[in-house]
Amino acid sequence: MSRLPAWLSRLLRRAAGLSGLERALVSVAAVVAALVLGGFVVLGSGYIASCREPTLFLFGTSFCFDPVEVYAAMYQGAFGTQLNQALTLQRMTLLVFTGLAFAIPYRAGLFNIGAQGQFVLAALGTTVTLLWLGPLVSGGGLLATAVLVPAGLVAGALAGGLYGLLPGVLKARYGTNEVISTLLLNFIATAVAIVLVKRFFNDPGIQGTVSRSIPEAAVLRPWLFPTGARFSVAVLAATLALVVGFWWLLNRTTLGYDIRVLGRQRAAAVFGGVDAARTTVLSMTIAGAVAGLGGALYVMMVVGRWQTGIPALGFDGIAVSVLAGNNPLALVPSGVLFGALQSGGLAINFQLGIPRDLVEVLRGLVILLVATPELFRIAGRYLRRRGRLRPAGGEAG
C-alpha cells in the first residue's frame, strides 16, 4: 500500500483512538455543524428560487425559504404531534433492525450490503404465511392473534435468515466477496418477489403489484398512539429488548467472542481455535434473520400487505449502523436521528412546499457530516490492525 500523507495518518490515528465520550461529543458537534451548514444551503436555495411571497428579508435581500422556519417545521414533523412521534419511532424501529443486520456481520469482519433484499423477501414470506394461515384460524380474536403474530414473525425471520445464509455459505465455502454477492442478491430478491406476487398473490381489485391484505388479527395495533399511527408500542419494547440482547450476545457469549475476534484478527482467531467458516455463516444468517424480522414488522405494522415501493430501509440501516459505531446499544439514538430526518423531511415538503430535492440535500448533508467522523474511525482502526498506522509519531508504511 502506498504511503499515506502525514496529515491523513495523524487524522486516522486520532480518529481510531477516540473514546466513547469523545465519539459522542464529535457526533453532537457534527449534528450542530450540519444544521448550521444546512441553514446556509436553505438560505442560498431561497435566494435562487422564485416565489410570490418571500418569507425572509436580510440586508435588503428577499429569500423564499427561512432556515429557522424550515427547522421548526422539521422538528414539528418529527415530534410535534403523537402521529408524527409515531412515524419517527416507526422508522427508528425498522432502521434498528436493518442496522443490526449490518452491525453483526461487520463485527465479524464482513460487510452485509444485502439487508434490503433480506427485508423484501422476509416481507413477502410473512405475507404469504399469514394469507395461508388466516383462513385456518377461524373466528379471529385473541386466539387468532396469538397464532398469527408469532407465525408472521417466525416466517419473516426464517425467510431473511435463509437469504442471509446464502452469501454466508458462498463466503465460507468459496471465498466469494460478500459485498458483491449481497449487493446483487438485493436485485434478485426484489425481482423474485415481484414475479411471485404478480403470478400467485396479486390482489385482483387493485392495480399494480400488490398482494391481498393480511388478516386483521395479524395487524399490530397502536396502543398508546391514535388510530392510524401504524406504530406499536409493543414493537418498540421488543426492539429495545432485542438491542440489549444482541449487545449481550456480542459481549458476553462465546459466539460473540468468536465474532469479535474474527473481525479484529482473523489469522489469530483461526490459530486460536475459532471456526471461521461456522462463524461467518452464523453471523450472516443471524443478520438476515434480524433484517427479516424488520420486514415482517413492516408488513404487520405498517402496510398490511406486500407491495412494490418498499423504502430503502436496508441501505439506510448501513448509515445508521456506521453512525452508531456498529454498537447495538448506540443504534437506538442513531435510529431516532435518522427516523426524525425522514419524518421531518416529509413535513417540510408538505407544509412549506420546499422541493423534495432540497429536503434530500438537507438529509444527505446531515448524514454526511455525522457519519464522516465514524468512517474515519473505522478506516483508522482497519489500517491500524493491519500495521498501516504506527502508534505515535510514525507514518503509514
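I began with helix α13, residues 331-352: its 22 residues reach 31 Å from first C-alpha to last, close to the 32 Å expected at 1.5 Å a residue. The expected span is 1.5 Å times one less than the number of residues. Just after α13, I found Gly353 with a positive phi of about 70°.

I noted that this is a predicted model, where local features need pLDDT of at least 70, side-chain atom pairs count only at pLDDT 80 or more, and totals for chains, interfaces and linings use all residues. Residues are numbered from 1 along each chain as its sequence is written, and side-chain values use heavy atoms, with hydrogens and water left out.

Next I looked up Thr93. It lies in helix α4, residues 82-107. Is Thr93 buried or exposed? Thr93 counts as buried because its relative accessibility is 1%; buried means under 20% relative accessible area, exposed over 50%, partly exposed in between (1.4 Å probe, protein chains only). Leaving aside neighbours within four places in sequence, I found Thr93 in contact (heavy atoms within 4.5 Å) with Phe231, Leu236, Thr239 and Met301.

Then I took the chain as a whole. I counted 14 helices and two strands; these are DSSP runs, helices being H or I of at least four residues and strands E of at least two, numbered from the N terminus. Buried residues make up 47% of the 397. Among contacts with a separation of 6 or more, 74% join residues 24 or more positions apart. The C-alpha atoms fill a box of roughly 70 × 70 × 35 Å along the principal axes.
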